[in-house]
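Student: I would like to learn how to read a few features of a model. Can we take them one at a time?

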Amino acid sequence: MVRPLRIEYAGALYHITARGNAQQNIYGGDDDKRYFLDQLADACERYRWYCHAYCLMTNHYHLLVETQNPNLSKGMKYLNGIYTQYFNRTHKRVGHVFQGRFKAIMVERDNYLLELCRYIVLNPVRAHMVRAAKDWPWSSYRATAGMSDPVRALTTDWVLGNFGKQYKRAVEGYRAFVADGKDQPSPWQRLKNQVFLGSDSFVEDTQCKMRDEQSQNDIPKLQRLAPPKPLAYYAENYPEREAMALAYLSGHYTLSEVGAVFSKSYATVSRAVRSYKRP
């Protein structure tokens with residue numbers, strides 16, 4: 001069996017799915033789902049991930065995760081491993097909970113992050129489990145839409161930042177955006193090489209992060225980064241928006257870390273990065 005591609009680098013964005021072994025349910029009830037979300041939050045803190053969207057179904061889950069360090073496989077081993085131990089202990093069973101390794105699709109941020117955030121929370125609607133995204137309590141929709149308390153595992157700044165600077169206007173824009181997505185075609189129709197969702201230039205750039213002698217069936221070693229420059233270096237040598245973008249794109253700092261130095265929000269730094277990368 002061909003081993004799935006794993007490309008890991010700072011700032012990578014992934015759509016992740018993991019399914020139950022032999023198509024069995026991976027959650028026995030709401031307590032199991034709550035425990036899983038707690039462990040997802042711990043994984044995000046431990047491995048410095050941003051989770052932009054999630055949806056827990058019955059026999060599988062979806063995550064949209066941005067990694068600040070090249071550690072996706074390590075973090076997923078932790079998350080699925082901890083949950084498997086809990087599930088087997090709680091339900092007095094043994095053996096695998098998940099079917100093989102998780103599946104990870106490399107995602108181009110500028111063109112597909114928002115679309116996938118919408119696609120993920122609409123999963124229960126497409127499966128005819130509920131009539132609207134707000135009716136499913138086990139996705140990121142309600143927290144992002146301001147309908148429930150914040151979820152520790154979830155980062156909403158970037159998503160809402162695309163719909164306005166004022167919170168009320170942003171959540172209204174997000175709700176309308178999701179509602180408009182019910183009849184949209186699946187983004188997976190544009191999947192390339194089974195592992196890339198993005199433009200040709202994105203695919204080429206991502207493949208360049210692999211060593212030349214590695215095939216696409218191998219797991220690449222971590223990308224080497226240049227020695228870090230202090231954030232003060234960027235602040236002193238570049239205009240503010242360019243400085244924020246260059247600091248983040250160096251691969252050594254998170255959006256939040258850059259924002260703290262420049263007294264800007266996570267979403268503001270993200271917009272600076274997108275503007276800098278846009279031709």
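Student: Where is the place of E172?
Tutor: In this predicted model, E172 belongs to helix α7, residues 167-179.

Student: Is E172 buried, exposed or partly exposed?
Tutor: Buried means under 20% relative accessible area and exposed means over 50%. E172 has 43% relative accessibility and therefore counts as partly exposed.

Student: How many residues apart in sequence are E172 and A145, and how many Å apart in space?
Tutor: The two are separated by 27 residues in sequence, and their C-alpha atoms lie 7.4 Å apart.

Student: What is Y174 in contact with, leaving aside its neighbours within four places in sequence?
Tutor: Its partners are V121, Y141, T144, A145, V159, L160 and F163.

Student: Which residues touch the most other members of the largest nonpolar core?
Tutor: In soluble globular proteins, nonpolar side chains tend to be buried together. Here the largest nonpolar core has 91 residues, and I16, Y61, Y174 and V258 touch the most other members. Helix α3, residues 109-121, supplies the largest share of this core, with eight residues.

Student: How do I read the crossing of α1 and α2?
Tutor: A packed pair of helices is described by the angle and the distance between the two axes. The axes of α1 (residues 30-47) and α2 (residues 72-90) come within 10 Å and cross at roughly 150°. Angles over 145 degrees count as roughly antiparallel, so α1 and α2 are roughly antiparallel to each other. The crossing is right-handed.

Student: Which residues make the contact?
Tutor: Among them are Y35, F36 and L40 of α1 and Y78, L79 and I82 of α2. The residues of this contact comprise 11 nonpolar, two polar and five charged.

Methods. Residues are numbered from 1 along each chain as its sequence is written. This is a predicted model: local features need pLDDT of at least 70, side-chain atom pairs count only at pLDDT 80 or more; totals for chains, interfaces and linings use all residues. Side-chain values use heavy atoms; hydrogens and water are left out. Axes are lines fitted to C-alpha atoms, for helices over the stretch in contact, and angles run from 0 to 180 degrees between N-to-C directions. Helices (H or I, at least four residues) and strands (E, at least two) are DSSP runs, numbered from the N terminus. Angles under 35 degrees count as roughly parallel, over 145 as roughly antiparallel, 65 to 115 as roughly perpendicular and the rest as oblique. A crossing is left-handed if the near helix is turned anticlockwise from the far one by less than a right angle, and right-handed if clockwise. Contact means heavy atoms within 4.5 Å. Ala, Val, Leu, Ile, Met, Phe, Trp, Tyr, Cys and Pro count as nonpolar, Asp, Glu, Lys and Arg as charged, and the others, Gly among them, as polar. A nonpolar core is a set of buried Ala, Val, Leu, Ile, Met, Phe, Trp, Tyr and Cys residues joined through side-chain atoms within 4.5 Å. Buried means under 20% relative accessible area, exposed over 50%, partly exposed in between (1.4 Å probe, protein chains only).
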